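Let's take a walk through a protein model together. Keep the picture beside you as you read, and follow each stop in turn.

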Amino acid sequence: MQNSILMLFLVLAALSALVFTFVFISSKKAGMSVQGLSNPLRKRFWFLLILFVVLGIFASVTIPRSPYFLFADENPSRVVHVAAMQFAFIMSEKAIDPKSPVGEASIELPANELVEFRVTSLDVNHGFAIYDQSNRLIAQTQAMPGYVNRLRWKFKEPGKYTILCLEFCGMAHQVMRSSFTVK
Amino acid sequence: MESIKLRKITSLWILIVLVLFIVNIVLGILMRLNQGEIIHQSPITFYANMTTHGLTQIGIWFVAGMAAVNYLLQRYVKTSYSANVVAMVLTVIGILMLWASTYIGKFHAGWTFLYPLPLKIMWAKWATPMFLGSILVMGVGWLTWSVSMMTQLLKKYPLTRALAWQHFKKNPSTQTPPFILISMITLIGIIACLLGAVLLLAMYSAEYFSNGTFVNDALLMKNLTFFFGHTIANEMLYLGLAVIYELFPEVGGRPKWKTTWYVALAWNCTLVFILTAFFHHLYMDFVQPVGFQIVGQIASYMASLPAASVTIFSVLVAVYRTPIKWSLTNLLFFIGVAGWVIGGLGAVIDVTITNNFVLHNTLWVPAHFHTYNALGNVLFSLAFFHWFFNPIYQGHP
Ligand code: HEM
Ligand SMILES: [Cu+2]
């Protein structure tokens, strides 16, 4: 995912840089006479229409795949409760009592089955971002005090997954991490 | 007389911005060195630097845009010198309060100071009110400045004319200069987001002084925070665009740009999209109503349409196969537009919710906004500074 996003960006950025360079050179070469662009209003209209259609397609293809709708019509076979706090994650398959929060020492999840993470925070806002074995971010949600965000995911590959906090939450934010295994 | 005073205060603004910019670059480089493990700062020092750097950068490039728009606005309407002075005094006091909070008090909640982090005291107790106070002081100064500019503008151009609505009819009887239109649209957005900041600070103080009897709603506070933070960071770029519409044709020795129906339409649409795009900062808060999430993606997409098809297209058309007197001023404007486009592409990619799922709060985000700020917005302001101090262009306004 990240690689194709980066490629898309690099191609578009290079194209834009080319257009600007080309237009700049055309001005340098123009000499004394204004040749300009013929029929600019029509070209402007076409440019707008193409952009509108491209973005329209992007929106209609991507919006239905937003994480809010992921696996919405299935029932999760496992539920993991997550309570984030400065600067650790507490995770448990049982509901966590905010007054005396205790988690399980290790969490093991099945591969290819639907897992639901119910993520909240006991103090400030945190992030809950899942990284696979090659340290690639695959899914995330926020941990917000007073709210529970439900993140549904199916892990395809067994192995160790790392959790990092992705919302600045204070002086030890950078070491706030945890992990679980998928079997 | 008036214009000499305005020149002096604008020069002073430029001086303040450039000095603080250098300080900020040093802070930025220190952060990068620390991330690259070439130097080793304590996390608190790092985050205090980050907070100072972020808020000061937003502040200085915002006031740089405001000072430029104020200076050029004087060509059309009489602007208030005292409002300009009030803004400057309060900005300087605000920055000093910010530094006191981050460097003496060790406050380090980031420039987004996401609720409730500022209230979880991990620094000197007084540093939280000092930091929030610094935002209040700057916000009041900027609100005074923008409201004063807007009222002066409205005295000469009634609202519908300032918004160029007469251009939607065939053969409009009067022209609204593009500079007036864009300034008006931008000032409305700025005033709206600064009022949002006032509300945000009021909710903070209600909790702060209630001794635990009143607790805010974290989701509401996050919406308010980004309504303010996203919008102000976005509007400062639009201040730069107003300056481009005014100066780009002029310094190139080309006829002034005119408002047409599509320019008027584009900017009026921009106002709507710019005030609703901030929802994209809450994509990963799944409890936010899904309608807002979708509005966030669509408004952010739509905001790029008038920008691309009107402003960027116009800049390209103005240059394409057209002899232009190139100088550092319009070259900086031109490169700035290119940087803005490239940073904007990064933004449109990230604003797609499915992409944001793997990009939210990663390095992609600072990468995109540093591109359009450092290679876009900053260049627009530097172009204005160069124009302002260039003897060839003396005598303006
Ligand atoms: C000119 C050289 C600059 C350098 C070397 C630099 C460097 C940095 C670095 C290293 C960070 C921390 C990023 C992270 O790891 O999350 C940062 C954050 C930031 N920068 Fe810059 N920056 C520069 C210019 C700018 C400009 C021109 C602006 C805006 C006009 C800007 C606005 C910000 C903001 C808003 C943040 C976020 C602070 C926060 O999270 O609280 N920077 N910068
Ligand atoms: Cu955290």
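We start with a sheet in chain A, where 5 strands form an open, mixed sheet in the order β3-β9-β8-β5-β6. Its edge strands are β3 (108-109) and β6 (137-143), each of which pairs on one side only. A strand here is a DSSP run of E with at least two residues, a helix is a run of H or I with at least four, and both are numbered from the N terminus. Two strands pair if DSSP finds at least two bridges between them.

This is a predicted model, in which local features need pLDDT of at least 70 and side-chain atom pairs count only at pLDDT 80 or more, while totals for chains, interfaces and linings use all residues. Residues are numbered from 1 along each chain as its sequence is written, chains are lettered from A and ligands numbered from 1 in the order in which they are written, and side-chain values use heavy atoms, leaving out hydrogens and water.

Now follow the sheet across. β3(A) runs parallel to β9 (residues 177-182) of chain A, joined by 2 bridges, and A:E108 has A:T181 in β9(A) as its bridge partner. Next, β9(A) pairs with β8(A) in the antiparallel sense over 6 bridges; here A:Y161 is partnered by A:F180 in β9(A). Strand β8 (residues 159-164) of chain A also pairs with β5 (residues 126-131) of chain A, again antiparallel, over 3 bridges.

On the surface you can find a nonpolar patch with about 990 Å² of accessible area together, including A:L8, A:W46 and A:V61. Accessible areas come from the Shrake-Rupley method with a 1.4 Å probe, and for residues only the protein chains shown count as cover. Patch residues have over 30% relative accessible area and no salt bridge, with nonpolar side chains (Val, Leu, Ile, Met, Phe, Trp, Tyr) joined within 5 Å and like charges within 9 Å. A salt bridge is a side-chain nitrogen of Lys or Arg within 4 Å of a carboxyl oxygen of Asp or Glu. Helix α2 (residues 40-62) of chain A gives the largest share of the patch, 10 residues.

Our last stop is in chain B. Which protein donors hold the iron atom of ligand 1? They are B:H53 (NE2) and B:H370 (NE2), lying 2.0 Å from the iron atom. B:H53 sits in helix α2 (residues 43-73) of chain B and B:H370 in helix α12 (residues 364-389) of chain B, 317 residues apart. Donors are N, O and S atoms within 2.8 Å of the metal (3.2 Å for Na, K and Ca); water is not among the atoms, so sites may look incomplete.
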